[in-house]
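Reader: Could you take me through this one, and tell me what stands behind each term you use?

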Amino acid sequence: MLNCIFENEHIQIPRHLPFYAVGDFISSPHLACIGFSHSTILDPHGKYNLKWRFDRRTITFEIEVETRGYIGFGLSPNGAMASSDIVIGGVADGTPYLQDYFADANRKVHRDVQQNYRLQYGRENSTHTVLAFSRHLLTCDTSDKDITESTVRVIWAYHSEDVGPSGPMYHGVNRGRKSMRLLDPGSKANVSSEMDFFNLQNINVPVPFKDTTYWCQIFKIQEVQKKHHIIRIEPLIQRGHENLVHHILLYQCDSTLNESELKAGHECYHPNMPDSFLTCETIVFAWAIGGEGFTYPPHVGLSIGTSIDPVYVLMEVHYDNPAFQQGVVDSSGLRLFYTPELRQYDAGVIETGVWVSLYHMLPPGMQEYISEGHCTRECLQESLGQEMPSGVRVFAVLMHAHLAGRAIRTRHFRGQEELQPLSHDEEFDFNFQEFQLLKDERLLLPGDNLITECKYTTKDRQNMTWGGLTTRDEMCLSYLLYYPRVNLARCESLPEIIGQLKFIGVKEIQVPVTTWPFMIKSPKKYSSLSFTEAMDKYRWSKNRGKSFNEMVLQLPMNVRCSKWGQDEWSIQGTIVSPPEVKSEVKPPSTMCRSASEPHSGVVLLFTMCLTYSIVQTCLSL
């Protein structure tokens, strides 16, 4: 055993391999030998293993790789080598080494003048190399990438040879990338291997020869004789289909369905789909690509077995097949762990954001375009005011957009004052979407309002991008997990269409409306065009797109406020104006030493900023 000291506590770790201490290792305040709260495998063959832990200032990594050569690890702005923050190290002739590098825009690797990664220890045996190192979350080094609560695109590589005098040799195929949240508080699988579970799983679904398919099938929930709680849900993605299955949603269906409805699946949103699909309206759970399992907090569970709980659920699987693969058969689904040991509260899900519709539109050629979906104070006042006047507590959020999405945040307002955002991701990755467990639960009161704000880029698109179901269409949604459960399924909005049409000069539409999308009557240049065709015909420019965006954010909006099933709150369908906001919470600002001063890698933050949770407590030099 190896004795270590961490924050004045004596600990021990096994000493399986030769161990090499570096510097004042035993007294280091960021010692990595205490164990790690997070871990993942980065490569498909299990050869590159990453562990890490973090506090308010620093993050410590331990990497174990099946190689006796160098190990590369980096943080990338987009998953590629260019402009990445990189560290390379290994153990050569019994001595560990580590160097801080960065890659320029042309992917050329340079040694960083500021060596902000600190080697903690290194060891190797006849097959594997282990390296541990740490750094500050924010270093004030322009060649480093800040580590925040947003998505991080980790890149990795390794080689059979150590770094030589001329630098690291090219790694070849031993490389990859993975998106993750390094500062996620996490929801680890704290379930017994003997815990009961049931699967909701498609069997041999023929994926159609087209880019986007929504496949639906109704399942019966596991029968129980008394109330139980589901406490963990895991994806069951068929091996090799990780990029094909984009998301899975569970909806609660009418409990009086005939069990003959369970036999066959069908495409969702299809004219010939079974009528029973229309009874499945209330979202129970959501999983999206890149996400792992979700474990409910110890005081909350998803209830089954009571009269208001799901008996039948519809599982909607979104298949994303842009390469038009043929002959693909899929058997993916979900695994749900359940227990008779009840938690204190029943969990619920609220879908918030922009109601999915063609009225949600993004002009082409825009470096940045912002959409806002409102969970209005009117909806929350009516629903929570009747169901739970003391409010509900949100404990996790899944933010959802498609390929044009670049950043999302779920903003929270009380009166005209903005509180800290419920969640945010300034580096949204379409291929990595999962529930974010909140560091601190958030009370949502009657009369509060939420705005799901999505930032997009359409700079490489020639035509309008529409709100819709395919991954080339767009969405802007936040799914809130909360307790105690109330009768509120959706709290969304949609910008009014007339103002959007007036922007491009539409004067009159054809009435009565007999087709969808509806047709334009005047002016002549748009006559007999659908409104989507008219929008595409308009000569968009960056300045016009910016003006359109500013106008849309001020338009009156249609309130969507629905209960479980197909019932609605009375506020549904009313037109309201966007709320006036007195103040806006901004991302944290930092003050760094000038380039001419010594640099310690520590960031000074203003107390007044009171921003996202990772920097709510100021750091001192």
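Author: Gladly! Helices (H or I, at least four residues) and strands (E, at least two) are DSSP runs, numbered from the N terminus. By that count, β30 and β39 each supply at least two residues to the lining of the largest cavity. This is a predicted model, in which local features need pLDDT of at least 70 and side-chain atom pairs count only at pLDDT 80 or more, while totals for chains, interfaces and linings use all residues. Residues are numbered from 1 along each chain as its sequence is written, and side-chain values use heavy atoms, with hydrogens and water left out.

Reader: What makes the largest space a cavity?

Author: On a 1 Å grid over the protein atoms alone, a 1.4 Å probe fits at its points but cannot get out, so it counts as a cavity. About 170 Å³ lies in it, a volume being the space filled by probe spheres set on points joined across faces, edges and corners. The structure holds five cavities of 30 Å³ or more.

Reader: How do you know which residues line the largest cavity?

Author: A lining residue has an atom within 4 Å of a point. There are 18 of them, and Ser-371, Glu-372, Pro-495, Val-552 and Leu-553 lie nearest the centre. β30 gives the most, with five residues.

Reader: And which residues lie closest to the centre of the second largest cavity?

Author: The second largest cavity holds about 130 Å³. Of its 13 lining residues, Gln-252, Thr-282, Ile-283, Ala-347 and Arg-485 are the closest to the centre. Strand β21 brings the largest share, three residues.

Reader: Why are β17 and β20 called paired?

Author: Pairing needs at least two bridges found by DSSP, and β17 (residues 212-220) and β20 have two, so they qualify. They run in the antiparallel sense, and Trp-215 stands opposite Glu-267 in β20. Both belong to an open sheet of five strands in the order β20-β17-β24-β19-β21. Its edge strands, β20 (266-267) and β21 (282-288), each pair on one side only.

Reader: Which residues of helix α1 are buried?

Author: Cys-379, Leu-380, Glu-382, Ser-383 and Leu-384 of α1 (residues 377-387) are, so each has under 20% relative accessible area (1.4 Å probe, protein chains only). They pack against several strands, including β30 (369-375) and β31 (392-400), through contacts (heavy atoms within 4.5 Å).

Reader: Which residues touch the most other members of the largest nonpolar core?

Author: Tyr-296 and Phe-395, out of 59 residues. Core members are buried Ala, Val, Leu, Ile, Met, Phe, Trp, Tyr or Cys joined through side-chain atoms within 4.5 Å, so both residue types qualify. Phe-395 is also in contact with Tyr-296 itself.

Note on methods:
Buried means under 20% relative accessible area, exposed over 50%, partly exposed in between (1.4 Å probe, protein chains only). On a 1 Å grid over the protein atoms alone, a cavity is a set of points where a 1.4 Å probe fits but cannot get out, and a pocket is an open set with protein on both sides within 12 Å along at least five of seven lines; lining residues have an atom within 4 Å of a point. Lists of a residue's contacts leave out its neighbours within four places in sequence.
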